[in-house]
Amino acid sequence: MNKHTQHLYADVIIPLPLPQLYTYQVPEEHARNVQAGCRVVVSFGKQKTITAIVQRLHHQAPEHYRAKPILEVLDDTPTLNDLQLSLFAWMADYYMCTPGEVIQAALPSALKINTQSFISLVPGIDIEAHTLSEEERRIVALIQKHEALQYEELSRKVRNSRLYGLLKQLQDRGLIDIFEKTKERYTPKRQRKVRLAAQWLHDKNALNELLSSLEKQAPQQWYALLKYIEASGILRDWTRNESGVEKKSLYATDARIKEAAIQALIKKGIFEEFEVEVSRFAAVDADKLLPPPTLSPAQEKALQQIVKAFFEEKKDIALLHGVTGSGKTEIYIHLIQQALESGSQVLYLLPEIALTTQIVQRLRKIFGDKMGVYHSRFSDNERAEVWRGVQSGRFSFVVGVRSAVFLPFDNLSLIIVDEEHEASYKQHEPAPRYHARDVAMMLGKLHYAKVLLGSATPALETYYHAQQGRYGYIALQERYGNAQLPQVHISDLRTAQKKNRLQYSFTPELYEAIRKRLEAQEQVILFQNRRGYSPYLYCEDCGWIPKCRFCNVSLTYHMHERALRCHYCGHHQGAKGTCQACGSTRVRNVGIGTEKIEDELKLLFPEARVARMDLDTTRGKEAYQKLIDRFEAHDIDILVGTQMLTKGLDFEKVTLVGVIDADQLLYFPDFRAHERAYQLLTQVSGRAGRKDSKGEVIIQSRHPEHPVLLDVQQQTYEQLVTRELQERQKYNYPPFVRLIGLQVKHSKEEVAHAAAHDLVEQLQKQLGKARILGPDIPLVDRVKNYYLRNILVKIERQGIHLGSVKKYIAHCIQQLTLQKDYRRLLVVVDVDPA
Ligand SMILES: Nc1ncnc2c1ncn2[C@@H]1O[C@H](COP(=O)(O)OP(=O)(O)OP(=O)(O)O)[C@@H](O)[C@H]1O
Ligand SMILES: [Zn+2]
């Protein structure tokens, strides 16, 4: 068969949780411009048009259905490049989700298509003069009734599967307009500018004549023109006229200039008005950029070791294990600079919250406008702009949160994962439940890029792989400058309580230390990893504890808003002063949240300026940054907060860090509890004394002899690791095995229970009893009205084919949910749960 007449097919990813790709036929007229990675419009299901991504083009018709045609191709150049398509396919496979779910997570919503196209008649058309079929007439009549009709609405009214084709024909005949059809929501920001019309250029005499005539006849215009000449700098260099001056800036900054005067100059042909696309990000003057900081000898040595690990030892991944305040960021800066100079791209990943702050400001001063920032707090348009900017080459360097791994890089040579131990690199909900550090490693592999992991408290897995020689390993033991690591004291809550020496939640040591620091005009950070006022209320008469209506968990008391809040589903209700079971007024609040600490501090230190940093006080876009700025400016003496406080912050005047209650970290029921507690406590401690040797940390605990606390105190990370690795090996936990978590959810408890048991039974058939744990009833066993059961699959790292195991698990789940009784069942799969 002749190649040109052979049909072309496209496998497309539909952004829905569908297990498979769909094959569509590519009509002749699109065959030339369609490519893998392009967005296309297809019809899917009943009367639905949807935007999909082309994964692959080929010539095989699908076996089991007749391929429908692609309706439209939206991109001239693909939105996704080949490396992204490979990465996303790998993610769907590895994290056991659908390709559509990966696409949903990857594309900024501004690049997703709005299929709600509008249709209208072409203005002024005499429809009677055209011959139309009956169906066409009906459609036209419907359109005529409205000024513009949405495609979806029309399709509901018409109910014709060929609607798209019919409309296309009407459009081709010039009868209707389909406008804003499948328009992407990304709108570039535009700026109106003016410049001098060409005839006045290069001729100072002509310009002078013009000025003197204007001065007499139209002084306002004369003044506006003078202002333009000055602002544009054209007399020094005529070529500056080309880029002009923002129109608004001429009259907005000088009350003597009226907009009308500028308008008049445009009308006279002296000014010419034009429009440009501008960035949503403030520009940085290229000549104001700073060189990278000079490294200390220890930093320099670490840098050399990293280079050696990457290029001599040929490691693709290296771990920079540098204590808090050792200046890891400065080392990254040097590596980034080198990579950019070689003409390639760099990705720098940071945990969510750390990003809004200090680090970005530091990097901006060095890398200026070639640095893009990718953050979930940004608007859709801003994120789409970064996406497009990476594609166009405007941003060769991106600093971003976990979702930045999805950006359209085509030439990465370096990926940095800062604070690689951070749990927030893992996405929990919705799928893909990916870990950005692990995706970054795959991304690195696809690009042949080097991956640098950095942390003061590496994840156990990471450290283990480094020990095994799989990753390069670089240690940096000293803080930058004269700073010393802080002294850590453990303060015994139990004894203080027994002897009745507690002042509210504070031991005498912590109280005294705060008092001294305040006196010395220094700053204090207090850490309590629980927001709200208290974790629950309790009626002393009848024992009533308010619980969430939708979740099996007590409601947290938020005193400031007088509300009870569920931290699982967000449900909230007013807090009444009395017990809602027996009416008693003896309702006590139990446990300590950040709000309570804040209140207690106001009573204990009435003159101190206290602020709180947790999810509740940082909801607004700028709220977090403002708190940081105020603390930096020393408008706040004591900052109380949750783990948000621990992430990479750098404050000069903080000399004391207090931990209110370490026990809730140490006794959390999770195999990672000790590791996490060590990391959190070490990180928060690391905020103290970053510029000198006065740093002090006081950790309150009822178990002052706890080995993890001693490790934090003595900075014996290796000791902690050895102990934990032994435990993990003994009980089969990562890094010795891989975990896949399964959560069975149903609105009826019996069903969830029975289904979980059935699933375990099925899984055990092929995988054996030892590999399957559960089903377990989780601590909170009902969330958002779903009853939950957990199953854990453990797979050894060697000698078993992971892919086959995953296939089998998927198969078991599918078989289970096909059963009639389990139709409403949900099974959430979480590969490498964290
Ligand atoms: N070479 C250098 N020149 C000037 N200042 C430096 C240099 N290296 C580090 N600093 C300063 O030392 C402080 C600590 O550095 P940095 O924040 O990079 O540490 P870090 O290793 O990332 O710490 P953490 O793990 O606690 O986040 C910062 O204020 C930084 O500006
Ligand atoms: Zn709830």
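Residues are numbered from 1 along each chain as its sequence is written, and chains are lettered from A and ligands numbered from 1 in the order in which they are written. Because the model is predicted, local features need pLDDT of at least 70 and side-chain atom pairs count only at pLDDT 80 or more, while totals for chains, interfaces and linings use all residues.

**Stop 1: the cysteines**

Centre on C539. It sits in strand β23, residues 536-539. Strands (E, at least two residues) and helices (H or I, at least four) are DSSP runs, numbered from the N terminus. Is C539 buried or exposed? It is buried, because 20 other C-beta atoms lie within 10 Å. The cut-offs are 20 or more for buried, 12 or fewer for exposed, and partly exposed in between, with C-beta atoms placed from the backbone.

Now show contacts (C-beta atoms, placed from the backbone, within 7 Å). Beyond its neighbours within four places in sequence, C539 touches W544, C579, A581, C582, S584, R586 and V587.

Jump to C579. Its place is the loop between β26 (572-574) and β27 (587-590). C579 is buried too, with 21 other C-beta atoms within 10 Å. With the neighbours within four places left aside, its contacts are C539, D541, C542, W544, S584 and V587.

**Stop 2: ligand 1**

Select the residues near ligand 1 (C-beta atom, placed from the backbone, within 6 Å). There are 19, and the closest are T324, G327, K328, T329 and Y480. Which helix gives the most to this shell? Helix α12, residues 328-341, with 3 residues.

Colour by domain, with bounds from an automatic or database assignment. Domain 4 (286-476) and domain 5 (487-534 + 591-727) each supply at least three shell residues.

**Stop 3: a sheet**

Go to the open sheet of 5 strands, ordered β2-β1-β4-β3-β5 with antiparallel pairing. Its edge strands, β2 (22-26) and β5 (72-73), each pair on one side only. Pairing here requires at least two DSSP bridges between two strands.

Zoom in on β1 (8-13) and β4 (48-58). They pair in the antiparallel sense over 5 bridges.

Technical notes. Two residues are in contact if their C-beta atoms, placed from the backbone, lie within 7 Å.
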